[in-house]
Amino acid sequence: MEDVLAVYARPYDPGYPVVVMDEKPLQLLADARPGTPAKPGQVAREDCEYVRHGTCSIFVWAKPLRGWRRAYAESTRTRVDWANGVEHLLTVDYPDADKVASVMDNLNTHNIASLYQAFPPEKAFALAGRLEIHHTPKHGSWRGIAGIELSCLTRQCLGRRIADLDVLNAELEAWTHATNADERQVDWQFTTTSDARIKLRHLYPVL
């Protein structure tokens with residue numbers, strides 16, 4: 001826990017940025033029959049029946065201190081999907097950074113082994129050397145800033161049925177551009193000394 005809070009407290013360093021990531025599953029759903037659009041005095045209406053079009057996973061990468069994020073959806077949630085996200089982070093988003101510190105939950109795909117499953121050993125080793133992973137504690141997802149970004153995205157972008165992965169990615173791209181244009185940062189208030197060691201003192205050993 002303290003490791004993650006210490007990472008959040010680091011000052012901004014373009015050569016050593018802190019990036020958070022999280023992912024969530026989503027059902028692709030279509031209307032079984034057309035609804036009625038909104039009009040004066042009446043909200044939009046949709047039938048309770050829907051048609052399933054499979055599932056997908058939404059990935060979010062965000063830099064809290066600079067108000068930057070990248071959101072996209074993949075048809076699967078595999079080690080290779082996560083590794084491809086890391087490659088994009090290190091070679092496209094931050095090609096000039098010496099190292100990127102990334103906070104994420106300890107899902108079984110979120111580890112260096114995934115890089116070796118996706119890429120040749122030489123490339124996996126090079127990517128791993130520039131990636132510093134910090135896992136949030138088990139049952140401590142509230143300590144993940146990326147989860148907050150996912151919650152905002154869900155409320156702002158996913159309030160209707162979306163049946164197609166391409167349409168979903170277009171919506172996510174529009175949300176990404178809008179939020180990055182606002183440069184909305186995250187003001188993380190929970191710190192190690194003033195909060196964790198006092199409010200969560202029951203988690204610390206008593207000597």
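1. Tyr72 is buried, with a relative accessible area of 12%. The model is a predicted one, and the cut-off for buried is under 20%.

2. The protein contains two aromatic pairs. In one of them, the ring centres of Phe59 and Tyr72 are 5.4 Å apart and the planes stand at 5°, so this pair is stacked. Phe59 belongs to strand 2 (residues 50-63) and Tyr72 to strand 3 (residues 68-74), so the pair ties together parts 13 residues apart in sequence. Phe59 is also buried, its relative accessible area being 0%.

3. Trp68 and Tyr94 have ring centres 5.5 Å apart and planes at 70°, so they form an edge-to-face pair. Trp68 is in strand 3, while Tyr94 is in the loop between helix 2 and strand 4 (100-104), so parts 26 residues apart in sequence are tied together. Both Trp68 and Tyr94 are buried.

4. Two arginines sit over tyrosine rings. Arg66 lies over the face of Tyr12, 3.6 Å from the ring centre. The charged end of Arg10 is over the ring of Tyr16, at 5.2 Å from its centre.

5. In helix 4 (residues 121-129), the buried residues are Ala124, Leu127 and Ala128. Viewed down the helix axis they fall within an arc of 100°, so they line one face of helix 4. An α-helix has 3.6 residues a turn, so residues three or four places apart point the same way. The buried residues of helix 4 pack against helix 2 (79-93), helix 3 (112-118) and strand 5 (131-135). Glu122 and Phe125, on the other side of helix 4, are exposed.

6. As for the whole protein, there are seven helices and five strands. Of its 207 residues, 40% count as buried.

Conventions
Residues numbered from 1 in each chain as written. Predicted model: local features only at pLDDT ≥ 70, side-chain atom pairs only at ≥ 80, totals over all residues. Heavy atoms only, no water. Buried < 20%, exposed > 50% of the residue type's maximum accessible area, 1.4 Å probe, protein only. Helix = DSSP H or I, 4+ residues; strand = E, 2+ residues; numbered from the N terminus. Arc of directions from axis to C-beta. Contact = heavy atoms within 4.5 Å. Phe/Tyr/Trp six-rings, centres within 6.5 Å; stacked < 30°, edge-to-face > 60°. Lys NZ or Arg CZ within 6 Å of the ring centre and 35° of its normal.
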